[in-house]
Amino acid sequence: MAKILYFEDNDQFRELMKEMLGIFGYDVDSYSDPTKFLARSQQKENIPSYKLLITDVDMPYMDGITFVRDHINKVGKDVPVLILTGGNSEEEIREAGIENFHYLEKPVNMISLEEKIKKVYNLIS
């Protein structure tokens, strides 16, 4: 089962997405913001091998763009990134210094999410 790392500050949306990803057959580690993952990664020697990072953009303490730009090496430098956002354009994300990412606008439906994840996996396989 492929392991996904997921950041989302909205508790209800995070739980819904975690459930949807589980239906698709993925094992998900989810956090309300990236700083919680970073704190955990400093305490553990073995970080799971993630196959995909899914992140919201706007979150308290650290946004998804900052995490991807400055800390992606904690997950793995070649881990694909899927950015979910309700307010940022792809161009705004590129202007913030993120080049290699996939993009999906909120609200997210199950079909478009599954199609996007399959597309990401086909690109890296």
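**View A. Leu 53 meets its bridge partner, Val 81, in strand E4.** This is a predicted model, where local features need pLDDT of at least 70 and side-chain atom pairs count only at pLDDT 80 or more, while totals for chains, interfaces and linings use all residues. Residues are numbered from 1 along each chain as its sequence is written, and side-chain values use heavy atoms, with hydrogens and water left out. Strand E3 (residues 52-56) runs parallel to strand E4 (residues 81-85), and 4 bridges join them. Two strands pair if DSSP finds at least two bridges between them. Further along, look for Asp 56, opposite Leu 84 in E4. To get from E3 to E4, the chain passes through H3, making a right-handed β-α-β crossover (clockwise from the first strand over the helix to the second, with the strands pointing away from the viewer).

**View B. Is strand E4 enclosed or open to the outside?** It's largely enclosed by the rest of the structure, because 5 of its 5 residues are buried (under 20% relative accessible area, with a 1.4 Å probe and protein chains only; over 50% is exposed, in between partly exposed). Val 81, Ile 83 and Thr 85 cover one side, and Leu 82 and Leu 84 the other. In a regular strand, side chains alternate between the two faces of the sheet.

**View C. E4 also has E5 as a parallel partner, over 4 bridges.** Here Thr 85 has Glu 105 as its bridge partner in E5. Together with helix H4 (residues 90-95), E4 and E5 make a right-handed β-α-β unit. Helices (H or I, at least four residues) and strands (E, at least two) are DSSP runs, numbered from the N terminus.

**View E. Phe 37 and Phe 67 form an edge-to-face aromatic pair.** The ring centres are 6.0 Å apart, with 80 degrees between the planes; rings of Phe, Tyr and Trp (its six-membered ring) pair if their centres lie within 6.5 Å, with planes under 30 degrees apart called stacked, over 60 edge-to-face and the rest tilted. Phe 37 belongs to helix H2 and Phe 67 to helix H3 (residues 64-71), so the pair links parts of the chain 30 residues apart. Phe 37 is buried at 0% relative accessibility, and Phe 67 is buried with a relative accessible area of 0%.
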